[in-house]
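Please open the structure in your viewer and keep the selection tool ready.

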Amino acid sequence: MKALIILGFLFLSVAVQGKVFERCELARTLKKLGLDGYKGVSLANWLCLTKWESSYNTKATNYNPSSESTDYGIFQINSKWWCNDGKTPNAVDGCHVSCSELMENDIAKAVACAKHIVRWHGKVIVETMTSAVTLRVAPCNCGVIILQLILSLFHIKEVIVE
């Protein structure tokens, strides 16, 4: 009986924690799901993003008090703009997906939403940006890799790091 209780607690902790990918396993999964080079964003950039945003954890969440929104899943996709958590005020739900679906161990829905975000941002930026393209950014955990991601998404010609 005692062994069953301990086993129950172990299964419960795994369910709450979610899947924490190993880097190479995640790289293979992202590649299989079509993210390697998607819209010019390299697999290395996706791995960097997921490492620093969620530590490769599918169940990661982060509450943002200023916008009353939450970031969900391995990509930390925000409930204000991209998913529906049923509690974020004036949420848009751009990916038409429940935020809880972005925290599943099978990351196919999270990848589909990440692709949608990249497609949407790329389209908007191309349509709205004209000539003034200077972006000021503070150094971050991924350094050059994140800057490359920003450059590829926003077609930025000059970056000034402060």
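The stops below visit a sheet, a hairpin, the disulfides and some backbone angles of a predicted model.

**First stop: the sheet**

Begin by showing the chain as a cartoon and selecting the strands. Three strands form an open sheet in the order β1-β2-β3, and their pairing is antiparallel. Strands β1 and β3 stand at the edges with a single partner strand each, so one side of each has no neighbour in the sheet. As background, strands of a sheet pair through backbone hydrogen bonds, in either a parallel or an antiparallel manner.

Next, select residues 61-64, which are strand β1, together with residues 69-72, which are strand β2. How many bridges join strand β1 to strand β2? Four bridges connect these antiparallel strands. Two of the pairs can be picked out by name: Tyr 63 has Thr 70 in β2 as its bridge partner, and Asn 64 is partnered by Ser 69 in β2.

**Second stop: the turn of the hairpin**

Now select the residues that connect the two strands. The hairpin of β1 and β2 has four residues between its strands, and in this hairpin Glu 68 takes a positive phi near 55°. For comparison, most residues other than glycine have a negative phi.

The structure holds two disulfides. A disulfide is a covalent bond between the sulfur atoms of two cysteines.

Select Cys 83 and Cys 99, whose sulfur atoms lie 2.0 Å apart in a disulfide. Both cysteines are in the loop between β3 and α4, 16 residues apart. The link of Cys 83 and Cys 99 is right-handed, with 95° about the S-S bond. Are Cys 83 and Cys 99 buried or exposed? Cys 83 is buried, and Cys 99 is buried as well.

Move on to Cys 95 and Cys 113, which form a disulfide with sulfur atoms 2.1 Å apart. Cys 95 lies in the loop between β3 and α4, whereas Cys 113 belongs to helix α4, so the pair ties together parts that are 18 residues apart in sequence. The angle about the S-S bond is 85°, and the link of Cys 95 and Cys 113 is right-handed. Cys 95 counts as buried because its relative accessibility of 15% is under the 20% limit for that class. Cys 113 has a relative accessibility of 2% and is likewise buried.

While the cysteines are displayed, select Cys 24 also. At 47% relative accessibility, Cys 24 counts as partly exposed.

**Fourth stop: an annotated segment**

Select residues 95-113. UniProt, in an unreviewed entry, places the feature "domain: Glycosyl hydrolases family 22 (GH22)" at these positions. Over residues 95-113 the chain is 32% helix and 0% strand, and the end C-alpha atoms are 5 Å apart.

**Last stop: two residues of the loop**

Finish in the loop between β3 (77-78) and α4 (108-128), where Asn 90 is found. Asn 90 is not a glycine, yet its phi is positive, near 55°. Asn 90 is exposed because its relative accessibility is 67%, and exposed means over 50%.

Then select His 96, which is placed in the loop between β3 and α4. What is the phi of His 96? The phi of His 96 is positive, about 55°, although His 96 is not a glycine. His 96 is exposed, having a relative accessible area of 69%.

Terms used. Residues numbered from 1 in each chain as written. Predicted model: local features only at pLDDT ≥ 70, side-chain atom pairs only at ≥ 80, totals over all residues. Heavy atoms only, no water. Buried < 20%, exposed > 50% of the residue type's maximum accessible area, 1.4 Å probe, protein only. Pairing = 2+ DSSP bridges. UniProt positions renumbered as here; feature names shortened; annotations may be inferred. Disulfide = S-S within 2.5 Å.
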